[in-house]
Each structure stands twice: as C-alpha cells, then as structure tokens.
Amino acid sequence: MRIKDLLKVDGIELGLAASDKNAVIEKLVDLHDACGNLTDKEAFTKDILAREDMGTTAIGNEIATPHAKSESVKAPALTAITVPGGVDYDAPDGADCKLFFMIAATTDGDVHLEVLANLMRMMMDEEFTSKLKAAQTPEEFLQIIEDKEAEKEAEAAPAEEAPADEKFILAVTACPTGIAHTYMAAENLEKAGKDMGINIKVETNGSGGVKNALTADDIKNCDGVIIAADKSVETARFDGIPVLSTKVADGIHKPKELIEKVLSGDVPAFKADKAEVADSKAENGDSFGRKLYKHLMNGVSHMLPFVVAGGIFIAIAFLIDSIAGVKMDGNFGTGTPVSAWFKTIGGYAFNFMLPVLAGFIAMSIADRPGLLVGIVGGLLASSGATFMDPGAAKTVPSGFLGALLAGFLAGWIMKLFERLCDHLPDSLEGIKPILLYPLAGLGIVGVMMCAVNPIMSIINTGLNNGLGWLGSHNYGVILGFILAAMMAIDMGGPFNKAAYVFGTGMLTSAAALLKEGAAVTDPTVVVCYQAMAAVMIGGMVPPIAIALSTTFFKSRWTEAERKSGPVNYIMGLSFITEGAIPYAASYPLKVIPACMIGSGIAGLLSWVFGCQLMAPHGGIFVIATIKQPLLYFVALIIGSVVACLILTFLKGKNKK
C-alpha cells in the first residue's frame, strides 16, 4: 500500500481561503465525507477536535496534520488542502499554516500506519512541502507525492555500521495517537544526527507497535538516550545511562539541540526502580529454557479464565444432576434443563482452552502475526483434523499436547517467516500484517497440524490408556502424591505451574472423552478428575500449614510473621499457594520440604478416598462440586497438620 491508495484526487482542494482553524477542520472533514470515508461525520469531527484539545497538530514549517482514530472511519484515508493566505493553527513556531493533511484512521488494524509514517517523514523535507504548496491541480499534488515516495524507496538501504570510536546516540519517539508526530520526530532526529556526523538509532512507539526496537547491545554501547515522547515508554532498560526526556515536539523542532545536550555530559544518568531493572535484565539474559517457560506461561495465563469459568459451570451441571438423581452415563450433566444450560455454556468456554493456549504461546514468540496461526493450530489440535479427514469426522483429537506443539511450532515458523519478509520492498510493509502473514500462516499451520495430528493422536490415546491403567490397577496414588508435592516445591513457579497445567490438561482429556460418549464413571475419566483433585489439594496445604504453625507454635516465629500468618488460612482455602512464598523465601530448607511432604500426603489420601474435582480452581468455594467432599476436607486437614508439625520441628525456637 502506498500514499496514493489513501489520498484520492477528490480528497484534495488547493488554493482555498479559510478564516480560522475550525474552518480548516470543517473543510477537511467535508472532503472525507464526500469521498465516502466516514459513517458519521459529526462523530468524526468530535474525535478530531478531541485530539486537538490534547495539543495542536501543527508541526511548524507552515504544516498541520489534524488526525484521529475513530469508530466513524470506514477505512484509513487522507484528505489535503492548501491555504495560500495561511491560517493561525497554534503552530509551535508561531507561523500560519498553509498545507494541511487530515488523517482518518480506523480503531483497529495498522495497515495504513506505515504509509502514514512515510508521509510524515517526507514532510520534514522543506523542498518537498514547498512543491506541494505551489501545486496548481490535485493531479499535480498527487504526482509530487508519488515521485517523492519512489525516491524514498530507492534511497532505502541498510545503514552502515558505525566506526567503534564514533558517538552513538539512541532515541525513542512516541505521541498519544502514534500516527504523525512519532515519525516526524524520528525523521528529524535521524536527519540531524546524519548532518552532525553522529550515529543515531531511533525506536518509534507508534500505533502499529514498536518499530526499530533498541537491542540490549545498542543500549550497552550507546553514549546517551533521547526520549521524545508524550506518553509512557519503557525506561527501565536505560538504568545507569544518561537519559534526556522531553516532549515529542522537541524531537521535531529541536533535534540538533537535543543531541548536543546529550553529548555535552550535563545529562544525569537515569535511575530505574530495582524491580523493573531486574525484569528488564532477566528478559535480555533469558536462557532458552527460561524463554520456553515464559512463552508457555503466557499461553497458560490467557487460557486459565476460560478453563476456570467453563470448568466450574460444567461442575455445577454435574452437581445439579447428582442432586436430581440423574443416571451417570454419557448424558450426565444434561439430565435437567438447568444442568444442560450450565454444561452447554461451560462447554463453549471450555472449548476455547486449547485455541487460546496455542494462540498466546505463538503470540508470545512471534508477536501479533503469531496469534492467528496459534489459535487455528490449537483448534486443529482439538479437532484432530488430518489431510484425509479435514473435518475430523473419524479422528482422535491430539488434545493438550497437540495444542502445545501447535503454539510453539506456529510461533517459531511465523517468526522465521517475518524475518524472511524483512527482505521485501518497503512498499509492501503495510500489506504484511493484514495479508502476507495471515495468508502464509494459515497455510503453514494447516499443513503442519494435518501432518502431526495423527502422530499426536496416537500419543494422546496412549496417555489416556495409561491413565486408565493407573486407575484400574490402583497405582494412581503415586501420581496423586507426585502432583500434589510438585505444587509445594516452588509455590507458583515452574514446578507448581507444570503440575497445574497437567491437571487442567487432564480436565481437557476428560471433556473430550465425555464428548465422545464416555460416562463420568469411565476409569480414564475418573483418573483425570482425581488428578485435578490432587493438584488443587497440593496447592492448598502450604499456606494452611504455615497459618497453623504461626497460630499454635508462636515461639517459632517473629512477631511480624505471627501477625501475617492467619491470612494464609484464607489464602490456602482459596487455593492461592503463593501465600506461603514469603515464609519459603525466608526459610527455604525448612518450609519447602515440610510442605512437599504434607502436600504429597494430602494428594495421596485424596486419591485413596476417591475424591474427584471437575473444576480447575476455586478451593473451598467449589467443595460442593467435589466427589467425596468430606473426605477431601479430611485429606486437606491431615496433610496440613503433617506439614505444620514437620515445619515446626525443622524451624526450631525463634532466636530473635
């Protein structure tokens, strides 16, 4: 997409006379309306005026670019006028404005943003804008823009690496709407740096996201940073580096002064919050395994609301049918109109689990282009589509494992495809996110999942059969102990999350089996629900054990620890394991082993008692949906007391 795709001949009027700023805006809006770009002219005018209230859109050099994102815009578009007599538009340089572009942007999508960014950069060229102001016809006006755009494309080439002894400045530009001033400031800073013989790299935080992002090496080797922004940008990464913060308008009008000030040595080093610095450094220094974990957790965190809400609705349906005495067969959960409503609505939410999991794993890896391929990959995993059976009429879904594979592979493949597309001409930049990435991604993930689904289906079937075997041979107690103990190892960390993800995965397997007609009494379904019960009870024990110890063995704890202890009763009963983290951090070799043993015993007893949990979260608040709820509560008390006694023994008397 190029500028001529957004600016039409009918949207240009030259040589007008306008009395004031409002008259200019009214004329530009009228042109948009006449070109059919708007659904509601009045609403769009209000959005334009609201943007003007945030600060003038005049940029100096007799130019103004009124712009707004609006629900009233059908498609991204430009209009333009020239006013030879000039209009007072509150320009920062005090001069009247004679050249006006009005940008109408949609609230979703960013195809047009790169095009508009290029236009904003071109308007920093005074010779170019002089030609536009002197144009006699709309056709000539458009041709001047097309010629300049072609010239810019021809000039585009990778920047040469700066000599080691050359000064290196970084900059970040951003404005509230991220359409015009962001790119103008970037253009002028780059131009000033070139004129001064200074190597400068500018990151733009526009509506299309972060472009030309600063790397850890850039930050490490730079002599200073200029932040020309009217909105918040990430600053923790610049800890210890001279940072000059100013408004975006200064990046447009005073680029040389900003660069000189940074190089003068008078700019103090930036000091960031310690926690933010730690997060920033951790992000830059992550190992491959750590990155895998973070991608997985991004998917899990977005998946959990669907699992929790959907799972609880399904559990309520089962509870209602249990009370109503409905037979536990393949129709259990839909035996009454009320239970059928809960199970159907819960099923709709639950069915999003795998697509959302895979989608946000892929998005974590490849940013927005990864979202589509991940979601479609997760959906194909949940259906089990193959080349011979794309409708998945006779196939076994590849399930949770297939969705994990889809998320990671789709994300990496799309990231590779994005890098390949970096070699395409700049003129295709705008079409990448809306056409190239989705089209290629859909084809890639379709072929990939149809190829791997048969293999993953075999693995998934094998796991289900293995779970059924565990249940029928009474070996599940070992699994119950392990899963519950894992919940207490790091209390919200990788081991805890791995156990929880396994438990929610078992719920997915159970839901798939029930959908195929299995009864809730089927051994494999039972094992799935028992695994989830063990996971939750394992996460409830640590906070309760600490609360018990601080309540009944006060001499082992400081006054502050005793005061904080009782809140862990609520945390534990609510299945919030993280309540135990402060104590585990203070006494890791005493708290963690005690809690692991107590949680493991609770999980083992839960399995022995035949407790089943159909909801993935909720703690005591979903106790009514648990099979054998009283015995489950007994297992929880025993595990918590055991952990409390071991912890109290290991802790010893407080010496403070």
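**Y583.** I looked up Y583 and found it in helix α22 (residues 581-586); helices here are DSSP runs of H or I, at least four residues, and strands are runs of E, at least two, numbered from the N terminus. The model is predicted: local features need pLDDT of at least 70 and side-chain atom pairs pLDDT 80 or more, while totals for chains, interfaces and linings use all residues. Residues are numbered from 1 along each chain as its sequence is written, and side-chain values use heavy atoms, without hydrogens and water.

Is Y583 buried or exposed? Y583 is buried, because its relative accessible area is 5% (buried is under 20%, exposed over 50%, partly exposed in between; 1.4 Å probe, protein chains only). I then listed what Y583 touches, leaving out residues up to four places away in sequence: I546, T550, W557, E561, S564, G565, N568 and V591. Contact means heavy atoms within 4.5 Å. G565 is 18 residues from Y583 along the chain, and their C-alpha atoms are 9.3 Å apart.

**Helix α19.** Next I checked the length of α19, residues 523-552. Its 30 residues should span 44 Å at 1.5 Å a residue, and the end C-alpha atoms are 42 Å apart, so the two agree. The expected span is 1.5 Å times one less than the number of residues. I noted a kink of about 30° at V541, shortly before the proline P542. The bend is the angle between axes fitted to the seven residues ending there and the seven starting there. Of the 30 residues in α19, 27 are buried.

**K21.** I found K21 in helix α1 (residues 21-34). K21 counts as buried because its relative accessibility is 18%. Beyond neighbours within four places in sequence, K21 contacts E52, V87, D88, Y89 and D90.

**Nonpolar patch.** I looked at a surface patch of I478, F481, I482, L604 and V608, with about 410 Å² of accessible area together. α17 (476-487) and α23 (588-608) each give two or more residues to the patch. The largest share, three residues, comes from α17. I482 sits in α17 and is partly exposed, at 43% relative accessible area.
Patch residues have over 30% relative accessible area and no salt bridge; like charges are joined within 9 Å, nonpolar side chains (Val, Leu, Ile, Met, Phe, Trp, Tyr) within 5 Å. A salt bridge puts a side-chain nitrogen of Lys or Arg within 4 Å of a carboxyl oxygen of Asp or Glu. Areas are Shrake-Rupley values with a 1.4 Å probe; for residues, only the protein chains shown count as cover.

**Whole chain.** I noted 24 helices and 11 strands. Of the 656 residues, 49% are buried.
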